[in-house]
Amino acid sequence: MSNTLAYLLDKKIYINLTNHCTNDCIFCLRNDKDDVVGQTLWLDDENSTAQDVIDQFEKIYAQCPSKEIIFCGYGEPMLKLEVLKEVAKYIKKNYPQIRVRVNTNGHANYIYKRNVVPELKGLVDEFSVSLNGADKKEYDMYSRPKFDEAYKETKNFIKACSNENISVVASIVEGYKGKHLDLEKCKTIANDLGAKFRVREWIVNGY
Ligand code: SF4
């Protein structure tokens, strides 16, 4: 048993900080499988420190000097905000050429009851936020959030990123088991919030 806090996929280093999430998306990989490219991503515990993450990152980077790291994994990385900040700070200080991306559900400002985005300026190059719906009804059906204001909060988070001039992509998963979203409407919402728009076609294994 061990905690996989960093792993390599498509020559990019992914950082897996937690198994917890404030969503329970119907297409979440966690519902279908225990691993990504053979790496078990279920953590034995939630007590890992930034140094634990950095140690694993360094081992992988020594073998494959990646140009990008992505906070993603089997849970919502922003739930481990302080660890994420510390790791991102380390990367930016020691490997300024590496691009740092955070894949998030956009609930952080609701969770921490403050706007955390300015704290990440200079540490995160891009946020990819799961928009997953043209309205609350669609969002709730896909994302099954654990609090009622989640759709509104997600949109507010996207706007908070663009307000800070941090690159932000609003993404949706399209075609999950034959379900379809209003792509034009989602794109308009994303662009109005100052975000780029990305459609991820649903595929069975998620990669
Ligand atoms: S937001 Fe991401 S980690 Fe959370 S349930 Fe959805 S797909 Fe899974």
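Two strands are said to pair when DSSP finds at least two bridges between them. Keep that idea in mind as we walk through this predicted model, beginning with strand E5 (residues 68–71) and strand E6, which pair in the parallel sense over 4 bridges. One place to look is Ile 70, which stands opposite Arg 101 in E6. To get from E5 to E6, the chain passes through helix H2 (residues 81–94), and this β-α-β crossover is right-handed.

E6 has a partner in strand E7 (residues 126–130) as well: 4 bridges join E6 to E7, and the two run parallel.

Now follow the side chains along E6. In a regular strand the side chains alternate between the two faces of the sheet. Strand E6 (residues 99–104) shows this pattern: Val 100, Val 102 and Thr 104 point to one face and are buried.

Let us step back to the whole protein. Its secondary structure comes to 6 helices and 9 strands. The protein is as compact as a globular protein of its length, because its radius of gyration of 16 Å is close to the 17 Å that the globule rule gives for 207 residues. Along the principal axes, the C-alpha atoms fill a box of roughly 45 × 35 × 30 Å. Buried residues make up 37% of the 207 residues. Among contacts between residues at least 6 apart in sequence, 80% join residues at least 24 apart.

Strand E1 (residues 6–9) and strand E2 (residues 12–15) run antiparallel and are joined by 4 bridges. Tyr 7 stands opposite Tyr 14 in E2. The hairpin has 2 residues between its strands, and Asp 10 takes a positive phi near 50 degrees there.

Most residues other than glycine have a negative phi. Asn 132, which is not a glycine, has a positive phi of about 45 degrees. You will find Asn 132 in the loop between E7 and helix H4 (136–143). Is Asn 132 buried or exposed? It is buried, because 29 other C-beta atoms lie within 10 Å, and 20 or more is the cut-off for that class. Lys 177 also has a positive phi, near 45 degrees, and its place is in the loop between strand E8 (167–174) and helix H6 (183–192). Lys 177 has 8 C-beta neighbours inside 10 Å, so it counts as exposed.

Next, turn to the ligand. The residues around the ligand are Cys 21, Asn 23, Asp 24, Cys 25, Cys 28, Arg 30, Gly 75, Glu 76, Asn 105 and Ser 130. By class, this shell has 3 nonpolar, 4 polar and 3 charged residues.

Our last stop is Phe 197, in strand E9 (residues 196–201). Phe 197 counts as partly exposed, because it has 17 C-beta neighbours inside 10 Å. Leaving aside neighbours within four places in sequence, Phe 197 is in contact with Ala 170, Cys 186, Lys 187, Ala 190 and Asn 191. How far apart are the C-alpha atoms of Phe 197 and Glu 76? They are separated by 20 Å, while the two residues lie 121 residues apart along the chain.

Terms used
Residues numbered from 1 in each chain as written. Predicted model: local features only at pLDDT ≥ 70, side-chain atom pairs only at ≥ 80, totals over all residues. Near = placed C-beta within 6 Å. Nonpolar A, V, L, I, M, F, W, Y, C, P; charged D, E, K, R; others polar. Buried ≥ 20, exposed ≤ 12 C-beta atoms within 10 Å, placed from the backbone. Contact = placed C-beta atoms within 7 Å. Right-handed = clockwise from strand over helix to strand, strands pointing away. Rg over C-alpha atoms; globule rule 2.2 N^0.38 Å.
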